[in-house]
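Me: I am new to this structure. Please show me how to read its features one at a time.

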Amino acid sequence: MGSWKTKLRAADLPSDSKLEAVCRSCGHVRYLTRSYLVDERHAGHLYIDQIERRSRCRVLGCKGRMRLAMMHKSQTSGFVGGMA
Ligand SMILES: [Zn+2]
């Protein structure tokens, strides 16, 4: 664990990149774009690791911790969705 998340800041992400955030408690999935993190959350200076630790599930009453993963273009096109 760790690896790229501790080395990469939100501002370092490619402009069209997306992070997939999966709730560790309920499995809810959100997608965080670079522009959302940098422009709306003003988190460009934060490492992905730090963003992950600050992220909480938005499902009412859950507030579980999120696990962030990089979305790659090849995965996006072939993504069928694992959890309903
Ligand atoms: Zn949740």
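**Reading the sheet and a loop residue**

Reply: Start with a strand pair. β1 and β2 run antiparallel and are joined by 5 bridges. Keep in mind that this is a predicted model.

Me: Which residue in β2 is the bridge partner of K18?

Reply: The partner of K18 is T33. Now look at the hairpin of β1 and β2. There are 5 residues between the strands, and G27 takes a positive phi near 85 degrees.

Me: In what order do the strands of the open sheet lie?

Reply: The order is β2-β1-β3, with 3 strands and antiparallel pairing. The edge strands are β2 (29-33) and β3 (66-71), and each pairs on one side only. From one strand to the next, the twist averages 30 degrees.

Me: How many bridges link β1 and β3?

Reply: There are 6 bridges, in the antiparallel sense. One example is C23, whose bridge partner in β3 is M66.

Me: How do side chains sit in a regular strand?

Reply: The general idea is that they alternate between the two faces of the sheet.

Me: Let us turn to a loop. Where is L8?

Reply: L8 lies in the loop between α1 (4-7) and β1 (18-23).

Me: Why does L8 count as partly exposed?

Reply: Count the C-beta neighbours. A residue is buried at 20 or more within 10 Å, and exposed at 12 or fewer. L8 has 14 inside 10 Å, so L8 counts as partly exposed.

Me: Which residues does L8 touch, leaving out those up to four places away in sequence?

Reply: L8 touches L13, Y47 and I48. Take Y47. L8 and Y47 are 39 residues apart along the chain, yet their C-alpha atoms are separated by 5.5 Å.

Note on methods. Residues are numbered from 1 along each chain as its sequence is written. This is a predicted model: local features need pLDDT of at least 70, side-chain atom pairs count only at pLDDT 80 or more; totals for chains, interfaces and linings use all residues. Helices (H or I, at least four residues) and strands (E, at least two) are DSSP runs, numbered from the N terminus. Two residues are in contact if their C-beta atoms, placed from the backbone, lie within 7 Å. Two strands pair if DSSP finds at least two bridges between them. Axes are lines fitted to C-alpha atoms, for helices over the stretch in contact, and angles run from 0 to 180 degrees between N-to-C directions.
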